Amino acid sequence: MWEYTDKVKEHFLNPRNVGEVVDPDGVGEVGSMACGDALKLTFKLDENKKIKEAKFQTFGCASAIASSSAMTEMMIGKTIEEAEKITNDDIADYLGGLPKEKMHCSVLGRDALEKAIYCYRGDPEKKIDGNIVCECFGVTDKEIERAVTENQLRTIEDVTNYVKAGGGCENCHENIQQIIDNVYNKVTQIIPVKKELTNIQKIRLIEETLEREIKPALQKDGGNIELIDVDGDRVLVKLIGTCATCKASQLTLKNYVEARLKEMVAPGLVVEEVK
Amino acid sequence: MDVVYMDNNATTKLDPLVLDAMLPYLKELYGNASSMHSFGGAVGREISAAREKLASLINAAPGEIIFTSCGTESDSTAINAAIRSNPNKKHIITSRVEHPAIKNLYEYYAKNGYRVTWVPVDKEGVLDLDYLYRHLTEDTALVSIMWANNESGVIFPIEEIAEKLRNQDIVFHTDAVQAVGKFPVDVKATGLDMMSVSGHKLHGPKGVGALYVRKGTRFSPFMIGGHQERGRRGGTENVASIIGLGKACELAMANLKDMDTRVRGLRDRLEDGLMKNIPNSLLNGKKDARLSNTSNISFEYVEGEAILLMMDQLGICASSGSACTSGSLEPSHVLRAMGVPFTAAHGSIRFSLSTYNTEKEVDFVIENLPPIIERLREMSPFWKAAACKLQ
């Protein structure tokens, strides 16, 4: 017996937006009867390119129906760009949570939305990206990688709960583990190994970081920053424009400018303001 | 809201008379049957009486009955004993549609040095006897075939198999958990070596079962401990439940006729009513080779858990072979072994009745399930497409 939240039960017994939009702007069909889960999502935009209508048809369990219903409610009123950002976790949160074995139902919702948006944009039918790893459920390595990355999945069981891979004959379990390991190895590789910098390298890197990142960010708010000097680990800067008189300038200096320079250049750097 | 309970193959209601029989052993008569004093000894005598009642129901001798904690323990005891008693043989046989208590144990042995033959069933759930017979070898230690399938209700020809295996050095066990109490079972006439029974499937309590071991069958215990059950199953007896099981067997004997007639009639009424009023419904299991109480129907284009939860709102209790209800992501292995396509397996519902069900309840389900299926079909992306095709 699944522990369903009241909201899941509500969306199952009284689902919103069941049906098919007439003359839709986007159509997304995912899953299959063989899979035990299938969803057809249709939507229509208004003059302002906001989603004014979204409907669903689902073959699946209470979680699948509730996820579909929730998905349509979350979509309506949003622009495509906003709707695109909805994750499967958002759907599950909207419902107050889903049993972990049912998380794949929320993934179904997200996948249908994605496909519908692709369809709207006129993108060619999204080709199966990657190679099939799980034959029982037709899941590719790219799909598994995505689920692991987006949801910080750690175990094969997690993967099965989110995308069903590995839930049948289990012959692909080794491959799934490999994918999980690869994802987490990559993550550790992203953090750059900091070597000792020469003075000139340090100054150049500080200037680069200021130019590329920090200045544009401050400029957005009408402010700016100028590099005055670098003395050992002390970075002397001058705040200009709105930053000069801003009450939060110290916060900006420490929590943003200094933090960024520590990360991108050297952890020992300290930023000081020169008036 | 009243519950309309149609999930008796999962578990049954405790008969009030069984509860009455059990209560004294949960209150004043709490002695340990192994004790020397008469307070304990009296309990021992009642356990013997319960043993005799069970033995009567299946036509065994009381000494051939071992009380266990459940059907699963009986199954484990039987399989392990059979394997241990024939250490030189490494081949074991069972069917593809067994309960996990047998299936998973066999899978364990398959990974631990044993060769397993899984006898298939046809699309009506009938056992392929030829396949079974063809695979008997000199190396075969054990054949375990259930007497009646819990999902489809199909009854297997245990008498015929027993006949074939007679005089061969092969242990023949049957998981009769779904059979005992539903139709007459005669272990002596059949010529079985071992048979599993479960208390809570025949209006007895949960937490008790039994294993029949034919006199002369080589046996080694599963639960090794004290001398209870004549050294065959250690552990202080679950006295109240054993007494309850005994009483349940006594009552079951009297109910067998009702199961065969009135309950069969109710099942047929329910099945016919549903299949007539709901289009695209398929029966799973050979119609005239089943338990009198079981009906497994697939409703195409909709999913089982959703059907069950909507029925649950009305108090109707049943179960499903869908993936979502299986605990894994695969639909029932029984339906898959029967070759039921995924498209139908996911929408399968099993109704299993008992002597407690009434015509009113059956009619309630016949009235209320069609709108549920209709509602779910309207939500389904496949129904319209299928309906269009029909036109």
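This is a predicted model: local features need pLDDT of at least 70, side-chain atom pairs count only at pLDDT 80 or more; totals for chains, interfaces and linings use all residues.
What is the accessible surface of chain B, and what share of it belongs to carbon and sulfur atoms? The accessible surface of chain B comes to about 16100 Å², and 53% of this area belongs to carbon and sulfur atoms.

**View 1. Chain B as a whole, a chain of 391 residues.** The secondary structure of chain B consists of 14 helices and 13 strands, and its C-alpha trace spans about 75 × 55 × 35 Å along the principal axes. The radius of gyration of chain B is 22 Å, which agrees with the value near 21 Å that a compact globule of 391 residues would have. Of these 391 residues, 59% are buried, and among the contacts in chain B with a separation of 6 or more, 72% are accounted for by residues 24 or more positions apart. Chain B carries 43 positive and 46 negative side chains, with the centres of the two sets lying 3 Å apart.

**View 2. Chain A as a whole, a chain of 275 residues.** Eleven helices and eight strands make up the secondary structure of chain A. The globule rule gives 19 Å for 275 residues, but the radius of gyration of chain A is 25 Å, well over that value, so chain A is more spread out than a compact globule. Its C-alpha atoms fill a box of roughly 70 × 50 × 40 Å, taken along the principal axes. Buried residues make up 44% of chain A, and of its contacts between residues at least 6 apart in sequence, 55% join residues at least 24 apart. The accessible surface of chain A comes to about 14500 Å², with 50% belonging to carbon and sulfur atoms. There are 37 positive and 48 negative side chains in chain A, and the centres of these two sets lie 4 Å apart.

**View 3. The largest nonpolar core, with 83 residues.** The residues with the most contacts inside this core are A:I144, B:M311, B:F351 and B:L369. Helix α13 of chain B, which runs over residues 359-379, gives the most to this core, contributing eight residues. A second, separate core has 67 residues, including B:V18, B:M146, B:M195 and B:A248.

**View 4. The surroundings of B:F351, one of the residues with the most contacts inside the largest nonpolar core.** When neighbours within four places in sequence are left aside, the contacts of B:F351 include B:M6, B:L270, B:L274, B:M311, B:A318, B:V365 and B:L369. B:F351 is also in contact with B:N293, B:T294 and B:S295.

**View 5. B:S196 in strand β7 of chain B.** The strand that holds B:S196 covers residues 194-198, and B:S196 itself is buried, with a relative accessible area of 0%. Not counting residues up to four places away in sequence, B:S196 touches B:G71, B:S74 and B:D75, the residues B:H173, B:T174, B:D175, B:A176 and B:V177, and also B:A210 and B:L211.

**View 6. Helix α7 of chain A, residues 156-163.** Six of the eight residues of this helix are buried, so helix α7 is largely enclosed by the rest of the structure. These buried residues are A:I156, A:V159, A:T160, A:N161, A:Y162 and A:V163. Just after the helix, A:K164 takes a positive phi of about 75 degrees.

**View 7. Two loop residues of chain B, B:E229 and B:N280.** B:E229 lies in the loop between β8 (209-213) and α8 (239-277), and although B:E229 is not a glycine, it has a positive phi of about 55 degrees. B:N280 lies in the loop between α8 and β9 (281-283), and its phi, near 55 degrees, is a positive value in a residue other than glycine. With a relative accessible area of 22%, B:N280 is partly exposed.

**View 8. A:G232 in a loop of chain A.** A:G232 lies in the loop between β6 (223-231) and β7 (234-241), where at 38% relative accessibility A:G232 counts as partly exposed. A:G232 and A:L251 are 19 residues apart along the chain, and their C-alpha atoms are separated by 23 Å.

Notes: Residues are numbered from 1 along each chain as its sequence is written. Chains are lettered from A and ligands numbered from 1 in the order in which they are written. Side-chain values use heavy atoms; hydrogens and water are left out. A nonpolar core is a set of buried Ala, Val, Leu, Ile, Met, Phe, Trp, Tyr and Cys residues joined through side-chain atoms within 4.5 Å. Buried means under 20% relative accessible area, exposed over 50%, partly exposed in between (1.4 Å probe, protein chains only). Helices (H or I, at least four residues) and strands (E, at least two) are DSSP runs, numbered from the N terminus. Contact means heavy atoms within 4.5 Å. The radius of gyration is taken over C-alpha atoms; the globule rule is 2.2 Å times the number of residues to the power 0.38. Accessible areas come from the Shrake-Rupley method with a 1.4 Å probe; for residues, only the protein chains shown count as cover. Lys and Arg count as positive and Asp and Glu as negative; His and the chain ends are not counted. The place of a charge is taken as NZ of Lys, CZ of Arg, CG of Asp or CD of Glu.
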